[in-house]
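Subject: Structure handover

Hi,

Here is the structure I promised you. Please open it beside this email and follow along.

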Amino acid sequence: MIDLENVREEFPSLSLKDENENRITYLDGPGGTQVPQIVIDAISDYYKNSNSNTHGEFKTSKRTDEIMNSMREKVCQLLGAESKECISIGQNMTSLNYSLARTLSKILKKGDQVIITELDHEANRGPWKSLESYGVKLVEVDLLEDGTLDYYDFKNKINQKTALVAMGMSSNALGTINDFNLIRKITTKFNSLLLLDAVHYAPHFSIDVKSLGCDFLLCSAYKFYGPHIGLLYSRPGLLDSLEPERLLVQDQIAPYKIETGTLNHAACNGVSAAIDFISSLGSGSSYREKLISAYKKISVHEYELASKLYSKLKSLNDLKIIGQDFSDKNRTPTVSFIHKKYSANEICKKLAKENICAWDGHFYALKAIQKLNLEKIGGITRLGVSIYNNQEEINRTVKAISML
Ligand SMILES: Cc1ncc(COP(=O)(O)O)c(C=O)c1O
């Protein structure tokens, strides 16, 4: 079990209060989590003790090289990757995905097909849609009313011309976890590349890229208690076989060849600390074992709170949950709903008055919200449970919503 009081003490921002002395409640995790003190310290420590560019002969530069290497190694452990040479760093997931799309545009032929899904965040749709101008055919997997993908539709749409399937592991709007194992089985038959967006999955569940069998996987550290950094896993050898846009003076091999300019070294030190934070919650003889064990505890804690939140909200009049129920644990702790009397934005404004942070709208999963006919009513209210949330916060939030 998680020692929740200890965990909460590690996050200084949890003690913020509003003018009425209401302690802040963060249920906005799917939009970005809070950071523990060790992440804050790692970032400021970098500027105090190691601030420099890389590959120099002097101490701070050598320390920066070590920090960057160590960060890649920790991300490699987090994702179960083959080596740190599989881990590239970017400003955020969206920029890395655009770079990948531009890179793949050089090898895709006119008439080749790319499959995206109606459930995905625009960051995993827009970059691929931009390939239509090269003659690439874009096809979308249908979203069903219950918030899951239509796998029959996927099977009908994939064919020999499908060069790439780009899909999310889980939906940041509805909390659905997609059947990526089934998708991998099918993409293997058609020899299609598989790219997984793990941005909403990585904060809640452990990832093993080797058993996923994916070619690319993207995630964002600010969703798992770290700073704003995007991360890309590429299957060994794959990035080396591609030609990302890059400067002639840049390292021409993976993982560096898709990275541009000087990276945010201080934030990268923060990413290492965020992964250390997660591993500190687990036990085991290796760093990877600790991470896996920590994620088990994280998902149990989050499921417990989110399923209670779900059933309490479900019992309220005037409120309709959008997305799957919690009978299956294979779901992220993200609960979305609409209200008969108030728009999602009005609800978030009311919650904000109680110092409760929640998001409203489409959260860039625009197509899904349009498909579910929710765009014209202002989208949905989304409450996301993170490791630092407790039962009292859930009770407080349900009470605020029930008194609307
Ligand atoms: C599922 C999902 N994919 C992609 C993104 C984009 O990530 P980034 O902000 O790192 O570009 C987000 C951000 O909310 C997301 O939730």
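Which of the residues around the ligand come nearest? They are Asn92, Met93, Thr94, Asn172 and Ser220, out of 13 residues around the ligand. Keep in mind that this is a predicted model. The shell around the ligand divides into three nonpolar residues, nine polar ones and one charged one.

The seven-stranded sheet

Start with the open sheet of seven strands. Its order is β2-β8-β7-β6-β5-β3-β4, and the pairing is mixed. The edge strands are β2 (87-90) and β4 (137-141). Each of these two pairs on one side only. On average, neighbouring strands here are turned by 20° against each other, direction ignored.

Now look at β7 (residues 216-220) and β8 (residues 230-234). They run antiparallel, and five bridges join them.

Helix α4 (residues 93-105) touches β2, β5 (162-168), β7 and β8. The direction of α4 makes about 155° with that of β7. Helix α7 (residues 180-189) touches β5 and β6 (193-197). The direction of α7 makes about 160° with that of β6.

The four-stranded sheet

There is also an open sheet of four strands, in the order β9-β10-β13-β12. Its pairing is antiparallel. The edge strands are β9 (319-322) and β12 (359-361), and each pairs on one side only. Neighbouring strands of this sheet are turned by 30° against each other on average, direction ignored.

Four bridges link β10 to β9 in the antiparallel sense. Leu319 has His339 of β10 as its bridge partner. Lys320 stands opposite Ile338 in β10. Four bridges also pair β10 with β13, again antiparallel. There, Val335 has Leu383 of β13 as its bridge partner.

How many of the six residues of β10 are buried? Five are, so β10 is mostly covered, given that a residue is buried if 20 or more other C-beta atoms lie within 10 Å of its own. Helix α11 (residues 344-353) lies across β10, β12 and β13 (380-384). It runs at about 165° to β12.

A helix to check

Helix α3 (residues 59-79) has 21 residues. From first C-alpha to last, α3 reaches 30 Å, close to the 30 Å expected at 1.5 Å a residue. Its buried residues include Ile67, Met71, Val75 and Leu79. Arg72 and Lys74 of α3 are buried as well. Gly80 follows α3 and has a positive phi, near 70°.

First, the background. Most residues other than glycine have a negative phi, and most peptide bonds are trans.

- Asp318 has a positive phi, near 70°, and is not a glycine. Asp318 sits in the loop between α10 (287-314) and β9. Is Asp318 buried or exposed? Asp318 counts as exposed, because it has 12 C-beta neighbours inside 10 Å.
- Phe363 also has a positive phi, of about 55°, without being a glycine. Phe363 lies in the loop between β12 and α12 (366-371). Phe363 is buried, because 24 other C-beta atoms lie within 10 Å.
- The peptide bond from Ala254 to Pro255 is cis, with omega near 5°. Pro255 lies in the loop between β8 and α9 (265-280).

Two loop residues

Gly213 is in the loop between α8 (209-212) and β7. Gly213 counts as partly exposed, because it has 16 C-beta neighbours inside 10 Å. Gly213 and Arg184 are 29 residues apart in sequence. In space they are 6.9 Å apart, C-alpha to C-alpha.

Asn20 is in the loop between α1 (4-9) and β1 (25-26). Why does Asn20 count as exposed? Because 8 other C-beta atoms lie within 10 Å of Asn20, and the cut-off for exposed is 12 or fewer. Asn20 and Ser285 are 265 residues apart along the chain, and their C-alpha atoms are separated by 47 Å.

Best wishes

Technical notes:
Residues numbered from 1 in each chain as written. Predicted model: local features only at pLDDT ≥ 70, side-chain atom pairs only at ≥ 80, totals over all residues. Expected span 1.5 Å × (residues − 1). Near = placed C-beta within 6 Å. Nonpolar A, V, L, I, M, F, W, Y, C, P; charged D, E, K, R; others polar. Pairing = 2+ DSSP bridges. Axes fitted to C-alpha atoms, helices over the stretch in contact; angles between N-to-C directions. Contact = placed C-beta atoms within 7 Å.
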